[in-house]
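I set out to record what can be looked up in this model. The entries below follow the order in which I went through it.

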Amino acid sequence: MERGNVPVSTVLNRNILLGVSGGIAAYKAAFIVRELVKAGCQVQVVMTPAAHDFVTPLTLATLSKRPVLTDLFERDGSGKWNDHVHLARWADLMLIAPATANTIAKMAQGICDNLLLACYQSSTCPVVIAPAMDLEMWKEVTTSTNIERLHARGVGTIGPGSGELASGLNGEGRMSEPEEILEHLRTLLVGKGPLQGRRVLISAGPTQEAIDPVRYIGNRSTGKMGFALAEEAALRGAHVQLVAGPVQLTLDRPGIVRTDVGTAEEMASACKALAKDCDVVIMSAAVADMRPKRPAKDKIKKATADLVLDLEPTEDILSSLSASRPAGQLVVGFALETTDELAHGTAKLQRKKLDLLVLNSLQDTGAGFGHDTNKVTLLAPGKDPQELPLMSKVEVARAILDRIEAQL
Ligand code: CTP
């Protein structure tokens, strides 16, 4: 999915166990695997023996970059067995596509005479099936009873759709298209929070401005606050674009697309490209205000070093984004002050025309760079300052997003 030039596909980054049962729609499993892998998922394919007649395991193994599994015990005499309990526990989600009438019936009855069914029986993660069969089979009362049973156990269904069927007949029973299945999984995995459908740009961490190829001007920001905001926004259903300076942090949540940058200039161009499609912009990065005017191409030798660095200001990204924001976009800034915090914060809120300013004071113990806690005051135009107690950065992220939600 593209909107303007900005890719908006959500990085799902999850373990998906894809069960493929034996129906003509099994050929579409190849497209499903490809789309899941493209969206950042690890895909383990488990096929029923009958599915081999419709699509080759080699195709699915190549696309998923993992061997395809079919049997509980390998038939090559190796004595190796495929641990269905382990596979089911590994999965964040099990998708069975296509799910034939036969597989659906066995699932409903608790029969587990193949690896796919054994995985289903052992699963603790969400399970979704995409039924595919001829219209009479779909309309058949035992099929609807089986589907009802599976629904009652929390199994989700995607489709089937209507259209031309393999039999040449027209009607209900056609497996949903791979894009539709993907969209469904995306909603399921990303969650339906209060920020569902909202696009949020968050910058985090420091920037590094080169003095020479070895040295740089940087700051003590670790990115923890920005990453906590990204995780919390994604948890609330937002599509998050996270632009991160050089940090040691990793993320493991669907819904976040991360762009790594090094300098203030790179951060500015990444943020500008992404901001125009966002509903909310949160600049929590500690962008360097100044950079060396002429970074040296080679390492500066101490014997020849000029002890004065010639600096120039970097672009104020927050001010640029605020000045060129699309209608209705909410812009949030951060400020780190060491003296006259409230006065400086209020002036910054007005000068940068922000909807919310998160004010940190370095004078508060446990607040600011590197800590897992933070103590902030929220400033908004025409509102009294909201002073928050010392809290974990996750709790601070929640408080900031509560305010943003109220203001959206
Ligand atoms: N910021 C930015 N681009 C910069 C510098 C800062 O977008 N080149 C953003 C930060 O991400 C933060 C806010 O501006 O959201 C506050 O930055 P700060 O350096 O505290 O404010 P300044 O306007 O630079 O004011 P001063 O340094 O004089 O306090």
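Entry 1, overall make-up. I counted 13 helices and 23 strands in the chain; helices (H or I, at least four residues) and strands (E, at least two) are DSSP runs, numbered from the N terminus. The model is predicted, so I noted that local features need pLDDT of at least 70 and side-chain atom pairs count only at pLDDT 80 or more, while totals for chains, interfaces and linings use all residues. Residues are numbered from 1 along each chain as its sequence is written, and side-chain values use heavy atoms, with hydrogens and water left out.

The C-alpha trace spans about 75 × 55 × 40 Å along its principal axes. Of the 408 residues in the chain, 49% are buried. Buried means under 20% relative accessible area, exposed over 50%, and partly exposed in between (1.4 Å probe, protein chains only). I recorded an accessible surface of about 19600 Å² for the chain, with 52% of it belonging to carbon and sulfur atoms. Accessible areas come from the Shrake-Rupley method with a 1.4 Å probe, and for residues only the protein chains shown count as cover. Among contacts (heavy atoms within 4.5 Å) between residues at least 6 apart in sequence, 66% join residues at least 24 apart.

I took a nonpolar core to be a set of buried Ala, Val, Leu, Ile, Met, Phe, Trp, Tyr and Cys residues joined through side-chain atoms within 4.5 Å. The largest has 36 residues, and those with the most contacts inside it include Ile202, Leu229, Ile282 and Ile404. Elements that give two or more residues to this core include strand 10 (199-204), strand 13 (239-244), strand 19 (356-361) and helix 13 (393-407). Helix 9 gives the most to this core, with seven residues. I then looked up Ile404: leaving aside neighbours within four places in sequence, Ile404 is in contact with Val280, Ile282, Leu330, Val332 and Leu356. Apart from this core lies another, of 34 residues, among them Ile32, Val45, Met47 and Ala132.

Which residues of helix 1 are buried? In helix 1 (residues 29-38) they are Ala29, Ala30, Ile32, Val33 and Leu36. These residues lie on the same side of helix 1, because they cover an arc of only 160° around the axis, the arc being that of the directions from the helix axis to the C-beta atoms. They pack against strand 3 (15-20), strand 4 (42-47), helix 2, strand 5 and helix 8 (178-190). Gly40, with a positive phi near 95°, follows helix 1.

A salt bridge is a side-chain nitrogen of Lys or Arg within 4 Å of a carboxyl oxygen of Asp or Glu. Glu35 and Lys38 are three residues apart in helix 1, so about one helical turn separates them. Glu35 is partly exposed at 22% relative accessibility, whereas Lys38 is exposed at 62%.

The structure holds 21 salt bridges. Asp310 and Arg294 meet in one of them at 2.9 Å, N to O. Both residues are in the loop between strand 16 (290-292) and strand 17 (311-313), 16 residues apart. Asp310 is partly exposed, with a relative accessible area of 39%, and Arg294 is exposed at 62%. I also noted a network of salt bridges that links Glu232, Arg236, Arg398, Asp402 and Glu405.

Most residues other than glycine have a negative phi, and most peptide bonds are trans. Where are the cis bonds that I noted? One runs from Ala97 to Pro98, with omega near 0°, and Pro98 is in strand 5 (residues 93-99). Another runs from Gly159 to Pro160, with omega near 5°; Pro160 is in the loop between strand 7 (156-157) and strand 8 (161-164). Lys65 has a positive phi near 60° and is exposed, with a relative accessible area of 67%. Asp340 has a positive phi of about 40° and is exposed at 56%.
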